Amino acid sequence: MKREPMVFAVAGMIFGFVLGYMAAGLGERPGREARPRPAEAASRPSGAASATGAAASDRPSGPVDADELRTLVGLAEREKQNVQVRVELGNLLMDHAQYEEAARWYGEALALKPADNDVRVDLGACLVNLGRAGEAIAEFDQALKSDPAHKKALFNKGLALMQSGRTQEAVAVWDGLLKRYPGDPQLQGLQEQVDRIRASRGGQG
């Protein structure tokens, strides 16, 4: 699918501001701290087309294309060891906010190729969107064991920590991310949001 290297997805209930390449936010809830939304589709290279031959738009609209879904599912059923088709199913369903199903296909891909950190982080992003922050953190931590500099894993781990109410830890993760990637345009605005979180906590965390 044709994407920037890091694409940010809607995370429904907890995330409220625009950050870098993020889609428009849902607005902040009174009394809640502003939070970014999870980055997704690290497993999809920029400009990629799917196994069905269809190139993707920057952001799909409407329901999942039933024919494309049926084709990919059929291919996955026939080719039990095909990792890429499972990743593409995860990406397709994640694009359309079908996070439970996307997580299932990412899980199948990881069962076949457990060292794929991009897929693992995409699974974690689905889990954040599903409100399963503890499971998401475990996936991000596993990816970071072998790739401590994985930008999207660090970004999303901060989100999962925020979702768990562990604000101070989230800010520490984001501080480390910003120090590791100073001036990165994909993280544009993150420092401002970290500062806002600190201000909302009276300068703590």
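Author: Angles under 35 degrees count as roughly parallel, over 145 as roughly antiparallel, 65 to 115 as roughly perpendicular, and the rest as oblique. The angles run from 0 to 180 degrees between N-to-C directions, and the axes are lines fitted to C-alpha atoms, for helices over the stretch in contact. Helices (H or I, at least four residues) and strands (E, at least two) are DSSP runs numbered from the N terminus.

This is a predicted model, in which local features need pLDDT of at least 70 and side-chain atom pairs count only at pLDDT 80 or more, while totals for chains, interfaces and linings use all residues. Residues are numbered from 1 along each chain as its sequence is written, and side-chain values use heavy atoms, with hydrogens and water left out.

The chain holds 8 helices and 2 strands, in the order β-β-α-α-α-α-α-α-α-α.

Two packed helices are described by the angle between their axes and the distance between the axes. For helix α1 (residues 66–78) and helix α2 (residues 83–95), the angle is about 150 degrees and the axes are 9 Å apart. α1 and α2 are therefore roughly antiparallel to each other. Their crossing is left-handed, a term used if the near helix is turned anticlockwise from the far one by less than a right angle (right-handed if clockwise). Contact means heavy atoms within 4.5 Å. On the α1 side the residues that meet α2 include Leu 69, Leu 72, Val 73 and Leu 75; their partners in α2 include Val 85, Leu 89, Leu 92 and Leu 93.

Most residues other than glycine have a negative phi. Ala 97 is not a glycine, yet its phi is positive, about 65 degrees. Ala 97 is partly exposed, at 44% relative accessible area; buried means under 20%, exposed over 50%, and partly exposed in between (1.4 Å probe, protein chains only).

The other pair is helix α7 (residues 167–180) with helix α8 (residues 190–200), packed at about 155 degrees with axes 11 Å apart. α7 and α8 are therefore roughly antiparallel to each other. Among the residues making the contact are Val 171, Trp 174 and Leu 178 of α7, and Leu 190, Val 194 and Ile 197 of α8. α7 also passes α8 in a left-handed crossing.

As for α6 (residues 151–163), 13 of its 13 residues are buried, so α6 is largely enclosed by the rest of the structure. Buried residues make up 51% of the 205 residues in the chain.

Terms used. The expected span of a helix is 1.5 Å times one less than its number of residues.
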